[in-house]
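Open the model in your viewer and switch to the cartoon view. We will go stop by stop.

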Amino acid sequence: MSHRPSVSDRLGRSARCNQPDAPIPPLPYVERDWVWRGWRIRYAFTGALTVAADHPPIVCIHGFGAAIGHWRHNLAVWAQTYSCYAIDLLGFGASQKVYAPYGITLWAEMVADFLREVVGRSAIVVGHSIGSLVSLATADAAPAWVQGLVLVTLPDPSLRTQAIPKPLRGVIAAIEGSVGQRWLLRPLLAFLRHPQRLYTALTLAYANPNAVTPELVAIFAEPAHDPEAVRALTALVRQASSPDYCPEVVRMLQRSSHPILLVWGREDRLVPPRKAHPEILAQYNDQLTLAELSPAGHCPQDECPDRFNPLVLHWIVTQVLTGASEVRP
């Protein structure tokens, strides 16, 4: 029987990265499956052997097209002090790819149930891009299960050009035009998931091209090879154009009583701060702390974890733990 090379194998030969043959380190967490509404959801867990009673767990939610692995540089550090989780949203990563009514509200319901059924206590929820919207919506719908929010780039879907990364807008428009024709989506997805094209797209999301490694490309490439990926993509694109795709961001910020850390990469080319105006978003909530990192692109948690990780840990100690007690659901 011939051996079919894995995505990681192919990346070593075809991804144009600075260190194409660098060994991929072992992941700093254990992955498990959880069944939610009959669907299989993948999550990761890691943490210190002894965690202080007042230290809330940390739960991470990825952005568009990403997966648990996008938090590998963060979980390894935060887990020295906290219990840490990361979850693949339904339709992404290693979670089940199904035809479902995708949207921020559905994913927020999933995360809220994950907090109740798996984590078992209120947590600090950390989200990136679309994951930031899911985090904010989770806190809005189930406030007792959230102690604080870290929002890494917060797009506003009411401004549709922010909701879809710029390099993908033409592709998304083409998909929308053929959303009922899966025979067209299959070759389109095969085109997009090619390692070299993924590498090119990711260099637009990062200010430092050296941060785009074969390991990173594999995180985005692996889910796209799932046999049901086309089915999930069809549903996802159809729902993304729906007016009820996401609750209103400003209203959720105004209603929130949680400490919030909003982090933005100053060199973000996908959701540029000069257009998204994070300083205006900060005015809607007096518990919101805004931090801009530079140089950093759309994914500062992965591009500059040496600055991002201590920023989050310091914020937890000064804004969440100091003078605060855990909310018991």
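How many bridges join β6 to strand β7, residues 260-265? Four, and the two strands run parallel. Keep in mind that this is a predicted model.

**Stop 1: strand β6**

Select residues 146-152, which form strand β6. This strand is mostly covered: seven of its seven residues are buried.

**Stop 2: across to β7**

Pick Leu 151 and look across to β7, where Leu 262 stands opposite. While you are here, look at the side chains. In a regular strand they alternate between the two faces of the sheet.

**Stop 3: across to β5**

Next, select residues 123-128, strand β5. Six bridges join β5 to β6, and these strands run parallel too. Click His 128, then find its bridge partner in β6: Val 152.

Which helix does the chain pass through from β5 to β6? Select residues 130-141: helix α4. Trace the path from β5 through α4 to β6. This β-α-β crossover is right-handed.

**Stop 4: the cysteines**

A disulfide needs the two sulfur atoms within 2.5 Å. By this rule the model has zero disulfides.

Is Cys 60 buried or exposed? Cys 60 counts as buried because its relative accessibility is 0%. Finish at Cys 304: with 2% relative accessibility, Cys 304 counts as buried as well.

Key:
Residues are numbered from 1 along each chain as its sequence is written. This is a predicted model: local features need pLDDT of at least 70, side-chain atom pairs count only at pLDDT 80 or more; totals for chains, interfaces and linings use all residues. Side-chain values use heavy atoms; hydrogens and water are left out. Buried means under 20% relative accessible area, exposed over 50%, partly exposed in between (1.4 Å probe, protein chains only). Two strands pair if DSSP finds at least two bridges between them. A crossover is right-handed if, with the strands pointing away from the viewer, the path from the first strand over the helix to the second runs clockwise.
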